[in-house]
Amino acid sequence: MAAIPLLFCPIPSSLHPDHEAVGKSTELWLDTMGFTEDAERRKRLLAIGAHEFVCRIARDAESTTGLELASQWLCSMLTLDDEWDTGRLSRDPSRVLTIAATLLAVINSSNSHPSEADRYVASVRDVFSRARAWAPALSVKRWADSQLESFMGAATIVAYRTERRSMTLSEYLTIGPLDRGSRSCIELIEVCERTAIPQSQLDSPRVHALTQAAKFLVLVAADVYSFRREDDHGALESNIVDVLQRHLACSQEQALLEAAALHDRTMCLFLRLADRTSRRAGAELQRYITQLSNLVSGNLEWGFTSARYTERTPGSLPAAERAERPADGRLTPPPYPEIAWWWDQLW
């Protein structure tokens, strides 16, 4: 089997000091919501280490309140994601869309579907009700809106799988960030840390490019560290390694190296864009750049140490191995027009 390459990221990552308390709170919530009635499911859910992910990407949160609700939400959604990827709904796009529509209705209005007893409905109702009482209205609204992207991406992948249709590289670059919930992760940090950067600053071309690059780094890193798991389950439809292997007509090993090189090239862009953007940034934008940096680094650290993707023992926290230098450090755009415009914002 091809070796998983190291990825370049010089941004340090650390855990929120109260991560253990967040983990215990998440475990109790999962028991209460009925996610852990089966012993094997309980073991698998706790092995995810969702609280570790949240406590890395939102490590500057002043309280555990947002971290707890985010960790709980992530556990429930990763469980649902497994059902859509490899479980009972993995080839039923119409059913996925029906479930997604119901969840979106409840996310946007806690009073919707009051008689619905489904545990996923109950979990999002609980989490978003608490989020509205905790975080700024704008950050919660953005987080709620981002779920539409995530669910649409997931349903699209299920449709591809059902039709046995391979994804082109262009399609991957468009759909992949939706399926991986990259935008949702950004909004999640703002909820945990109770911030909401003004939309006018997000709309700046350079900040927009920086945000897109961060989302792409989350996507590619997730694909690389979940490659073996998805390969074992025959669920590579939306994995960049499989897409590049077909696009470049190369071996699986070479495709992994190409994915790592594209990740590292984008990382170098992200670092340069973050530096240039921060030079004239006010406090709110500086905080947002830090949040994106924590997301990029925290996601990488969690992915290479989470028992969801590795064989490590839950509770142990080995440091992820990172490449000392980028496999591709060029500051010129790759030959993919869907993302090449990000590099234009360097000048």
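Helices here are DSSP runs of at least four residues, numbered from the N terminus. Keep that in mind as you click around, and remember that this is a predicted model.

**Stop one: a loop.** Select Ala-196. You'll find Ala-196 in the loop between helix H9 (182-193) and helix H10 (199-202). Arg-287 is 91 residues from Ala-196 in sequence, yet their C-alpha atoms are 9.9 Å apart in space.

**Stop two: a charge over a ring.** Pick Arg-194 and Trp-134 together. The charged end of Arg-194 sits over the ring of Trp-134, 3.8 Å from the ring centre.

**Stop three: the core.** Next, head for the largest nonpolar core, which has 114 residues. Which of them touch the most other members? Select Trp-84, Trp-143, Tyr-172, Phe-216, Ile-240 and Phe-270 to see them. Then colour helix H11 (residues 205-225), which gives the most to this core, with 14 residues. In soluble globular proteins, nonpolar side chains tend to be buried together.

Zoom in on Phe-270. Not counting residues up to four places away in sequence, Phe-270 touches Ile-11, Leu-210, Ala-213, Ala-214, Leu-217, Leu-292, Ser-293 and Val-296.

**Stop four: paired rings.** How many aromatic pairs are there? The count comes to eleven. Start with Trp-29 and Phe-35, a stacked pair at 6.0 Å centre to centre, with 20 degrees between the planes.

For another arrangement, select Trp-84 and Phe-151. Their ring centres are 5.8 Å apart and their planes are at 75 degrees, so this pair is edge-to-face. Follow the chain between them and you'll see that the pair links distant parts: Trp-84 is in helix H4 (residues 64-85) and Phe-151 in helix H7 (residues 137-163), 67 residues apart. Trp-84 is buried at 3% relative accessible area, and Phe-151 is buried at 5%.

**Last stop: a ring cluster.** Finish by selecting Phe-53, Tyr-225, Trp-302 and Phe-304, which ring pairs link into a cluster.

How values were computed
Residues numbered from 1 in each chain as written. Predicted model: local features only at pLDDT ≥ 70, side-chain atom pairs only at ≥ 80, totals over all residues. Heavy atoms only, no water. Core = buried A, V, L, I, M, F, W, Y, C linked by side-chain atoms within 4.5 Å. Buried < 20%, exposed > 50% of the residue type's maximum accessible area, 1.4 Å probe, protein only. Helix = DSSP H or I, 4+ residues; strand = E, 2+ residues; numbered from the N terminus. Contact = heavy atoms within 4.5 Å. Phe/Tyr/Trp six-rings, centres within 6.5 Å; stacked < 30°, edge-to-face > 60°. Lys NZ or Arg CZ within 6 Å of the ring centre and 35° of its normal.
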